[in-house]
Amino acid sequence: MQRQNPNLPFLVTLFFFTWVNSIYSQSSQETPTQKAYQHAASLYHQSMQKQAFLYSGSEYIPQTNNLRGSPYYRDWVNENGSITYDSIPFTDVRMRYNIVKDELIVERVNHYGYSELVQLNKAKVNAFRIQNHAFIHYPADRWANLKGGFYQPLYQGQVLLLKKIMKQPQQEFDKDKVTTYFKEKEQYFLIKDGEAYLIKNKGSLLKLFPDEKKDMNKFAKTEGLRFKRNKEETIIKLLQWYEQR
């Protein structure tokens, strides 16, 4: 069910008094109360212009039939987060991240006071944050061998480690019914010397540091680091060792 904007009654009242006061001010000197209302109205209009800029994408209608799981990050919930859109920061924005399509969806309140979903122009989304998890949009021409899209930066020093979350839709057939479910996987990319390298295992990481390969391998064994057990933690700790050695 769509939810009505809880601030709508206040905004209607605000504009009513602002309108009345604007008429009154034409025939008498402006009072402090009128100035306060006009200031509030000015701030509201500025806010609405900024919000209209953010919510100018296309309407988004989610697919809900015959699904098991969801195509989104953290399932179906719209969560409050922050966005940098066309280099302009926005806070307290309700959003969801469609991992399958690699698109950011935001919730806006229409002129009737009801919520609807809007798919933003991905090319203008610089970055966003949900539940303290940051995502940055990197264009396809940023580094060699890296597909454009949203990535999570995990480590940055002399090199940069990026994480890519993916959900691949799969279909399951049962008589006359087709159910779509989602298989999630993660990929890790190391950005070194202007090029992106897919890190599949420890060997693919160590070969990028040939001079330190032996010592890095020794450190991994000493610390009990296991790629199959915790790939993300292992990569980060090896990179930290590399840059602090």
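**Entry 1: the second largest pocket**

I began with the lining of the second largest pocket and sorted its residues by class: six are nonpolar, three are polar and five are charged. A reminder to myself: this is a predicted model, and I read each entry with that in mind.

Which residues lie nearest the centre of this pocket? I found Asp102, Lys147, Gly148, Lys164 and Met166 there, out of 14 lining residues. The space inside comes to about 250 Å³.

Next I asked which element gives the largest share of the lining. That turned out to be E10, with five residues. E11 is on the list too, as E10 and E11 each supply at least two lining residues.

**Entry 2: E11 and its partners**

E11 covers residues 177-192, and E10 covers residues 160-174. The two run antiparallel and are joined by 15 bridges. One pair I looked up here is Gln170, which stands opposite Tyr181 in E11.

I then went to the hairpin of E10 and E11, where two residues sit between the strands. Lys175 is the one I noted, with a positive phi near 60 degrees.

The hairpin of E11 and E12 has two residues between its strands, and Asp193 takes a positive phi near 55 degrees in it.

I moved on to another run of strands. E7 (residues 125-130) and E8 (residues 133-138) run antiparallel, with four bridges joining them. Ile130 stands opposite His133 in E8.

Which residue takes a positive phi in the hairpin of E7 and E8? I found Gln131, with a phi near 50 degrees, and I noted two residues between the strands.

E8 is joined to E9 (residues 149-156) as well, by three bridges, and these strands run antiparallel. Tyr138 has Gly149 as its bridge partner in E9.

**Entry 3: H4 and H5**

My last stop was a helix pair. H4 takes in residues 213-223 and H5 residues 231-244. How do their axes cross? I have them coming within 10 Å and crossing at roughly 130 degrees. H4 is therefore oblique to H5. I also checked the hand of the crossing of H4 and H5, and it is right-handed.

Notes
Residues are numbered from 1 along each chain as its sequence is written. This is a predicted model: local features need pLDDT of at least 70, side-chain atom pairs count only at pLDDT 80 or more; totals for chains, interfaces and linings use all residues. Side-chain values use heavy atoms; hydrogens and water are left out. Two strands pair if DSSP finds at least two bridges between them. On a 1 Å grid over the protein atoms alone, a cavity is a set of points where a 1.4 Å probe fits but cannot get out, and a pocket is an open set with protein on both sides within 12 Å along at least five of seven lines; lining residues have an atom within 4 Å of a point. Grid points are joined across faces, edges and corners, and a volume is the space filled by probe spheres set on the points. Ala, Val, Leu, Ile, Met, Phe, Trp, Tyr, Cys and Pro count as nonpolar, Asp, Glu, Lys and Arg as charged, and the others, Gly among them, as polar. Axes are lines fitted to C-alpha atoms, for helices over the stretch in contact, and angles run from 0 to 180 degrees between N-to-C directions. Angles under 35 degrees count as roughly parallel, over 145 as roughly antiparallel, 65 to 115 as roughly perpendicular and the rest as oblique. A crossing is left-handed if the near helix is turned anticlockwise from the far one by less than a right angle, and right-handed if clockwise.
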